[in-house]
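Trainee: I have a new model open and would like to learn how to read it. Where do we begin?

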Amino acid sequence: MREWLAAQAASGFIRFDAAAGKYQFENEMAMCFVVETSPAFIPGFRDCAEAMFRDLPKLEAAFRMGLGVGWHQHYPSLFKGTERFFRPGYTVNLVSEWIPALDGVEAKRKAGGQVAVVGCGHGASTILMAQAYPKATFVGFDYDESSIQRAREAAHEAQVSDRVRFEVATAKEYPGTGYNFVAFFDCLHDMRDPNGAAAHVIKSLKPDSTWLIVEPFANDKLEDNRHGMRADAQPSLKRHLLAPFERSKFLRSGSSVRTDGACQLPRPPASDPTPASCCRCQR
Ligand SMILES: C[S@@+](CC[C@H](N)C(=O)[O-])C[C@H]1O[C@@H](n2cnc3c(N)ncnc32)[C@H](O)[C@@H]1O
């Protein structure tokens, strides 16, 4: 712990009072390092980073052989770390900002409906929605069996198991049709065949329904992607943390719900007659 504190003090993230031999977090930094419910809480990423190191031999072999490494093949701390790193952002944004940003979806979910969450991981976003919309029923799908197991436990702990199921299934083959709402959180880009997944989603949706896709946002040019998360850019960091409702634009490198009509997904084949809507672009 002392070594970690020293490293953070050397980087300027926390204060060190040499005379007293004490370390001190400023409020903004406590939100990042200590307050688990804060949207800025980042220690979950430590578990993700551990997986990167532990996966090196696997990655090296994959590079040598020209193969890929599936999400489910990573060291398990990645799954836990992803949930811990992303959950605070979902807790603060999903029900209060993202869903209300979609045309008519909040009112429809308050009234009920069938919701599928694909690539649900450990189920944080599914459970948050189930808690917010008790008249709706939810099913979370993920192809990683260990994640589904953990999601079921989490639903039980949150006492929403009566309205939430979690099942092992891929994005291209999950069962069911007539969903009123399908959501993908930070997973479409992880899928081997996003076009195939998109075609399946569109078939699984009821007419006049919505597909929510939450993805990390990046600009096309490197120079447009510098966002000052360095220790020497603390004034900028503080400004963002002190304006908490700006956070979804910043803390996850700009993950956002596309509500501006500019859906970035490939169009489904013209031969697919299933009427469906995606965000606002109505495809
Ligand atoms: C970055 S994690 C996001 C997990 C969760 N949605 C969240 O935001 O915390 C990506 C998830 O997509 C799942 N996934 C990847 N490819 C998939 C596929 N083809 N079908 C179903 N799930 C998939 C992974 O197992 C993993 O749980």
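Mentor: Helix α5 gives the most to the shell around the ligand, with three residues. Helices (H or I, at least four residues) and strands (E, at least two) are DSSP runs, numbered from the N terminus. This is a predicted model: local features need pLDDT of at least 70, side-chain atom pairs count only at pLDDT 80 or more, and totals for chains, interfaces and linings use all residues. Residues are numbered from 1 along each chain as its sequence is written.

Trainee: How many residues surround the ligand, and which are the closest?

Mentor: A residue is near a molecule if its C-beta atom, placed from the backbone, lies within 6 Å of it. Here 21 residues surround the ligand. The closest are Gly-119, Gly-121, Asp-144, Ala-171 and Cys-187. Two elements give two or more residues to this shell: α5 (77-98) and α7 (124-132).

Trainee: What is the make-up of the shell around the ligand by class?

Mentor: Ala, Val, Leu, Ile, Met, Phe, Trp, Tyr, Cys and Pro count as nonpolar; Asp, Glu, Lys and Arg as charged; the others, Gly among them, as polar. The shell has nine nonpolar, seven polar and five charged residues.

Trainee: What percentage of the protein's residues count as buried?

Mentor: A residue is buried if 20 or more other C-beta atoms, placed from the backbone, lie within 10 Å of its own; it is exposed if 12 or fewer do, and partly exposed in between. Of the 283 residues of the protein, 34% count as buried. The secondary structure comes to eleven helices and eight strands.

Trainee: Which residues touch the most other members of the largest nonpolar core?

Mentor: In soluble globular proteins, nonpolar side chains tend to be buried together. A nonpolar core is a set of buried Ala, Val, Leu, Ile, Met, Phe, Trp, Tyr and Cys residues joined through C-beta atoms within 7 Å. The largest one has 45 residues, and Val-115, Ala-116, Val-118, Phe-138 and Val-182 touch the most other members. Strand β6 (residues 179-185) supplies the largest share of this core, six residues. A second, separate core of six residues includes Met-29, Met-31, Ala-40 and Phe-41.

Trainee: Which residues of α8 are buried?

Mentor: An α-helix has 3.6 residues a turn, so residues three or four places apart point the same way. In α8, Ser-147, Ile-148, Arg-150, Ala-151, Ala-154 and Ala-155 are buried. Seen down the helix axis, these buried residues fall within an arc of 165 degrees (taken from the directions from the axis to the C-beta atoms), so they line one face of α8. The face turned away from that side carries the exposed residues Glu-145, His-156 and Glu-157.

Trainee: What do the buried residues of α8 pack against?

Mentor: They pack against α5, α7, β4 (137-142) and β5 (164-168). Contact here puts C-beta atoms, placed from the backbone, within 7 Å.

Trainee: Which residues of α9 are buried?

Mentor: In α9 (residues 194-204), Ala-197, Ala-198, Val-201, Ile-202 and Ser-204 are buried. Their arc is 160 degrees, so they line one face of α9. Their cover includes β3 (114-118), β6 and β7 (205-215).

Trainee: Why does Ile-14 count as buried?

Mentor: Ile-14 lies in the loop between α1 (2-11) and β1 (15-17). Ile-14 counts as buried because it has 20 C-beta neighbours inside 10 Å. Leaving aside neighbours within four places in sequence, the contacts of Ile-14 include Leu-5, Tyr-23, Phe-25 and Met-29.

Definitions and conventions:
Contact = placed C-beta atoms within 7 Å.
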